[in-house]
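Hi everyone, thanks for making time. Let me walk you through a structure that may be new to you.

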Amino acid sequence: MNDAELAAVAQLVGEDVLAEDRAALEAAHANLAGAIEQLRAVSGEHPSDFDVRWTQ
Amino acid sequence: MKWQYGIEEAARRIAARELSVVEYVSSVLDRLAETEPEVSAWTYVDREGALRAAQQADVEIAAGQHRGPLHGIPFGVKDVIDTAGLPTEGGSKAYAGRIPDHDAATVRALRENGAILLGKTVTHEIAYGQNFPPTRNPWDPSRYQGGSSAGSGVAVAVGSAPGCLGTDTSGSVRNPASVNSLVGMRPTTGLIDGSGVMNLSEQLDQVGPIARTTVDCALLLQGMVKSRADLGPEDIAAAVRRPLNRPRVGVDFAAWHDWGVSTEVQAAIKEAVNVLASTGVEIVDVSLPELSLALPVTLVSCLADALRLHGSALSDRPEDFEPGTRVMLELGCAVTEEHLTLARRARAHLRDRVRATFLDADLTALVSPTLSGIPPRLSDLSTDLTRESDEADLSSALLLLAPANVCGLPALSVPGGFVNGLPVGLHLLGRPYGDLALFRLAQHYETAVARPAQATLRSGR
């Protein structure tokens, strides 16, 4: 995680809790990065909203 | 024993005055007391309140004020769904002592239809699936119990409720249904009012029913919907039993392999597909590799939404969250607006591909296993949603379930066979507002295989 992201977590839970969670958080972040790469590979429009119903 | 009556059977006997509501509710409560030491499915049981409501129901029915098939039927509610005056703590110390003033819309609707609230069932903490609740799998207590609606599934399986409500962000109703050999439904987004829930992600979450049969599950859903007309005819049990007109189901066998579905589960669900084929359902080979996009969309959406919804509690009391839940909430800080835009784009792409596949092949449903394997042993389990998939990792399970939530589609798990003596679910994904068609297809299969769905505890109870 970058410094800004870590600072945001520290602001939320405090430095001590961040230190306790840091290793698990970094591992989880690596998998989030993989998910983002999967999403970047999708082409298409950027919709403004989402409709559950299908239009024919 | 009266607790063994499912919703439809009990409703018929109550309406015919062959069974009093007090008799039925008392029997279910006794069953709960008998099984609970072994399975730990409940966090709070309102025995007095349930018996009081049962007495009132008997008075009303005797006076000719019968409210319908749910009048006098007891039910349990996952501990993330609000119940007025009863604890709703989301399975978390961070929310200990939280007692809502109002029922969730689904609970209110069921009570207005005469159903009787028994209490609250165990959930993974805030339904995130990152911790280890005390609930035990009645088929094998050494194995994963299903989740995050863990208690709701187990309670129905052992007969401590004929039906329960769960919530489903990426399969949390269908997963315990599969593990416990039950029917669990994630309704179309918009079919029910989801207010009054401690959500993980409002855009993905849906309250859903779990019951022992398809008709029981449909009766429970009918009692929860915003508009009954959006589900089907008033006599929903008869509607579920009405045959479908030339049903066609799509199957992507290659995806099962690519997604790591075990050989044994593939074989069991192929056999279930063969049963459908032999009873008049047309099977269509389809290819939908895009379904795998549902997992990254779910992850990004959940991380951002969960932090927004639970960030205040996290900030106030970080030590009160389980470590796994806390890390997932913290990880929400790494999700940016750009990531959310990417997730929205992938969601729209997936929705369009699913829609095109259904329309091009004229499908009633897409069929798959509910879970990729039999429940892993608790000692081997990693619940971490962000890990790469392996045999004991639950993220692989989400692959087959998350597309329904991401696309807002109805999906259902019906008992689909056994592997090594453990239940496996047959998963049906349907069209928007095609909830009744899924119930009909599930009923078609259930009738064809005529399989009992009652767990027997190791103690013999």
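Before we start, a word on naming: helices here are DSSP runs of H or I with at least four residues, strands are runs of E with at least two, and both are numbered from the N terminus. Please also keep in mind that this is a predicted model.

With that naming in hand, look at Arg246(B), in the loop between helix 8 (236-241) and strand 7 (248-251) of chain B. Its phi is near 50 degrees, a positive value in a residue other than glycine. Most residues other than glycine have a negative phi. Is Arg246(B) buried or exposed? Arg246(B) counts as exposed because 10 other C-beta atoms lie within 10 Å, and the cut-off for exposed is 12 or fewer.

Now turn to Ser181(B), in the loop that links helix 6 (174-179) and strand 5 (183-186) of chain B. Ser181(B) is not a glycine either, and has a positive phi of about 60 degrees. Ser181(B) has 27 other C-beta atoms within 10 Å, so this residue is buried; the cut-off there is 20 or more.

One more loop in chain B, please. Between strand 3 (116-121) and helix 5 (150-158) you will find Ser148(B). The peptide bond leading from Gly147(B) to Ser148(B) is cis, with omega near 5 degrees. Most peptide bonds are trans.

Finally, the chains together. How many residues does each chain bring to the contact? Chain A gives 28 residues and chain B gives 35 residues. On the side of chain A that touches chain B, helix 1 (3-13) and helix 2 (15-40) each give two or more residues. Helix 2 of chain A supplies the largest share, 13 residues. That side of chain A divides into 18 nonpolar, six polar and four charged residues.

Note on methods: Residues numbered from 1 in each chain as written. Chains lettered and ligands numbered in written order. Predicted model: local features only at pLDDT ≥ 70, side-chain atom pairs only at ≥ 80, totals over all residues. Contact = placed C-beta atoms within 7 Å. Nonpolar A, V, L, I, M, F, W, Y, C, P; charged D, E, K, R; others polar.
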